[in-house]
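Okay, thanks for making time, everyone. Let me put the structure up and then talk through a few spots in it.

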Amino acid sequence: MRAPGLTWFRLPLFIWSMYATSLVIVLGTPVIAITLLLVAAERLLHLGIFDPRLGGDPILFQHLFWFYSHPAVYIMILPAMGVISELVAAFARKRIFGYRFVAFASIAIAVLGFLVWGHHMFVTGQSMYAVTIFSIMSMLVGVPSAVKVFNWTATLYEASISYETPMLYALGFIGLFTLGGLTGTMIATLGVDVHLHDTYFIVAHFHYVMVGGTIMAYMGGLHYWWPKISGRLYPGFLSRLSALLVFVGFNLTFFPQFVLGYLGMPRRYWSYPPEFQVLNVLSTAGASILGVGYLLPLFYFTWSIRYGKRASENPWGAVGLEWDTTSPPPTENFPVIPVVTREPYDYTSEEVHRRSTQEAPVVYQVD
Amino acid sequence: MSEHTTSRTIYFVIFGALMVLTVLTVMAARLDLGWANDVVAMAIAVTKALLVLWFFMHLRYSTRLTILTALAGFFWLAILIVLTLNDYVTRESLFPFPGK
Amino acid sequence: MSTRSTEQAAVAIPGGDVGGHHHPSLQHHFDSLAQQKEASTFGMWLFLVTEIMFFGGLFTCYVVYRRAYSEAFVAASHSLDWKLGAFNTAVLILSSLTMALAIWAAQVNRRKQVVFYLIATMFLGTVFLGVKAVEYADKFEHHHVPGPSFEWHEGGHAEPLDGAQSDAPPLEDKFAQHVQIFFSLYFIMTGLHAVHMICGIGVLAALLLPAWRGRYNSEYHNPLECTGLYWHFVDIVWIFLFPLLYLLGAHAT
């Protein structure tokens with residue numbers, strides 16, 4: 001249960017995004033469940049629901065499949081966006097600009113995300129009218145995501161930014177998710193998608209939002225909360241190097257794929273004509289660098305559990321309930337249930353200001 | 001506890017209404033009303049469902065949050081059906097339904 | 001230790017003594033029985049929302065195919081026995097009444113009536129399943145079970161599904177195929193509904209012993225309430241299944 005005094009608008013934005021995510025999960029998952037049950041019945045019991053040889057409709061299958069599977073991508077991105085709100089506030093030492101807009105944008109993404117699934121089926125045989133509606137709705141669903149990006153950017157304005165590892169990932173997210181989202185709007189355009197569907201452009205788009213977006217946010221969150229969870233600090237140089245490798249490796253891997261897709265290279269083909277070779281090789285090289293960037297944290301996090309310097313309660317000097325308890329927290333998180341009286345991300349309060357100027361956060365292992 | 005207790009009488013009355021509506025739906029189905037058959041059948045089914053929801057499932061005494069949750073569930077099903085039908089209803093002969 | 005801007009004192013929650021902090025049914029993370037009941041009801045409704053979407057996928061399939069294959073659906077529906085369907089509808093509605101009365105009995109602290117109404121609900125549910133078993137057996141005899149043995153008296157056999165005949169011309173005898181789709185939906189929808197009934201009867205059985213021991217009373221009967229919500233929901237599903245499956249062909253000659 002929420003602590004006393006923790007009203008809705010005092011919740012961290014990460015929690016808002018988790019609420020929005022759970023809305024999507026509750027409403028969408030049962031539909032994929034019944035769809036898979038139907039396919040299983042078709043295969044095992046010879047019932048024939050979607051098989052065109054028996055009068056079934058494969059497009060009906062696709063409607064049911066994508067009704068869940070599009071909201072599923074919002075299940076993946078909403079928590080990531082929530083993490084970014086936490087990271088940006090902590091490392092800009094400033095409250096999130098437009099808190100309520102960001103909170104309601106999370107809910108809006110969750111709701112609007114259910115109205116756009118047909119954009120995965122633009123070329124499968126829907127009616128012209130239906131695809132037009134889905135295209136328009138897909139434009140609309142980009143708006144709340146854009147609202148969030150603008151608000152994070154406004155938070156950074158005139159802030160005192162520190163470039164710790166989590167912040168590097170957060171900044172990477174803001175740029176790369178924007179690219180992914182903009183290309184998403186491009187392929188939401190019906191006419192463009194007729195050309196780009198099932199090409200590498202699509203692959204590049206969703207990797208920009210999923211890897212450049214979700215995974216970067218995951219890495220940022222991992223590096224932010226690692227001291228809290230494990231009670232240990234990790235090396236600063238190595239972690240920042242990894243973030244850089246991930247950023248460079250990721251872009252080298254996936255940007256060429258936009259070009260490949262635009263030039264017409266299809267998805268899911270195991271071979272390609274020679275004119276696509278250079279871009280493919282670049283992409284593979286990038287993947288190798290990306291792999292190193294992902295492997296390094298595996299090593300230094302494991303190292304930190306045994307040899308890392310012990311973390312204080314609040315190594316980042318951040319504002320939030322989790323930073324008011326020990327690292328790691330005790331059973332039931334707090335010795336006594338706290339009563340919440342402050343606004344979220346309240347970096348302007350005198351006490352926080354005093355704390356940040358007098359006690360420099362001891363973050364990194366002295367190497 | 002200050003909990004609302006529905007009286008047995010109300011439960012029996014609602015039960016009676018549900019049985020009457022069942023008889024009605026069978027009778028209406030035996031008439032040939034063309035497209036109106038579906039409308040009447042669904043209208044009666046929705047009425048029965050609302051009676052069960054309001055009285056038997058105690059939505060009558062539930063918080064706004066609970067009522068909103070129940071409504072949201074049915075609304076989301078409506079989204080699924082309406083937006084899917086939106087495709088089929090507007091098809092021209094270019095993409096006919098397979099099997100026809 | 002740095003100073004904190006949150007107070008550390010535990011705060012007494014107003015209304016927490018209603019029902020008693022030491023009430024045996026109050027879980028420690030709730031402040032009062034009323035809050036616990038509200039949370040339990042809300043949680044059960046969240047689950048029912050997933051059930052609405054689960055069955056909803058099937059209803060979507062039904063609506064789409066009904067539009068496309070209306071004649072075949074009418075003919076197929078006509079072959080179902082609407083009297084059995086109507087009887088089952090009445091049985092289920094009666095079982096919803098007995099379920100609601102079980103909760104009423106708990107609210108007025110009549111322990112034995114709680115048990116009686118729970119058993120009555122289970123009995124009616126079993127009657128429903130028995131009728132369904134009779135119907136399914138009938139389908140089996142008439143070769144109306146979809147699959148290799150499916151036959152429709154107005155036409156030939158539908159194409160089998162497995163790959164052996166993939167070279168054969170598809171879409172033979174379309175009417176029979178459309179009828180088979182109706183029966184596929186019939187079996188999946190009523191079959192899934194029956195599975196839910198079986199689980200519901202199981203849950204009711206699990207409530208019998210605690211009910212007999214007086215566990216459910218005016219202060220606490222959340223398990224009854226939640227089971228009731230589930231049971232009524234399964235009833236609502238049938239309220240829609242009955243006209244859609246059984247009454248399509250009622251006016252056909």
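Predicted model: local features only at pLDDT ≥ 70, side-chain atom pairs only at ≥ 80, totals over all residues.

Let's start in chain C, with helix H1, residues 33-68. It has 36 residues, and at 1.5 Å a residue that should span 52 Å; the end C-alpha atoms are 52 Å apart, so the two agree. Still, H1(C) has a kink of about 30°, centred on Gly56(C).

Over to chain A. Helix H9, residues 277-307, has 31 residues and reaches 45 Å from its first C-alpha to its last, close to the expected 45 Å. Its buried residues include Ser283(A), Gly286(A), Leu290(A) and Gly293(A). What do the buried residues of H9(A) pack against? That would be helices H7 (200-230) and H8 (236-263) of chain A.

Next pair: H4(A) and H5(A). They pack at about 165°, axes 9 Å apart, so they're roughly antiparallel to each other. On the H4(A) side, the contact involves Gly142(A) and Trp152(A), among others, and on the H5(A) side, residues including Gly181(A) and Gly184(A). The crossing of H4(A) past H5(A) is left-handed.

Now the backbone. The peptide bond from Ser327(A) to Pro328(A) is cis, omega near -10°, and Pro328(A) sits in the loop between H9 and H10 of chain A. Glu332(A) is also found in the loop between H9 and H10 of chain A, with a positive phi near 65°.

His58(B) has a positive phi too, near 60°, in the loop between H2 and H3 of chain B. Buried or exposed, then, for His58(B)? Buried, because it has 20 C-beta neighbours inside 10 Å, whereas Glu332(A) has 8 within 10 Å and is exposed.

How values were computed. Residues numbered from 1 in each chain as written. Chains lettered and ligands numbered in written order. Helix = DSSP H or I, 4+ residues; strand = E, 2+ residues; numbered from the N terminus. Expected span 1.5 Å × (residues − 1). Bend = angle between axes of the 7 residues up to and from the residue. Buried ≥ 20, exposed ≤ 12 C-beta atoms within 10 Å, placed from the backbone. Contact = placed C-beta atoms within 7 Å. Axes fitted to C-alpha atoms, helices over the stretch in contact; angles between N-to-C directions. Parallel < 35°, antiparallel > 145°, perpendicular 65-115°, else oblique. Left-handed = near helix turned anticlockwise from the far one by under 90°.
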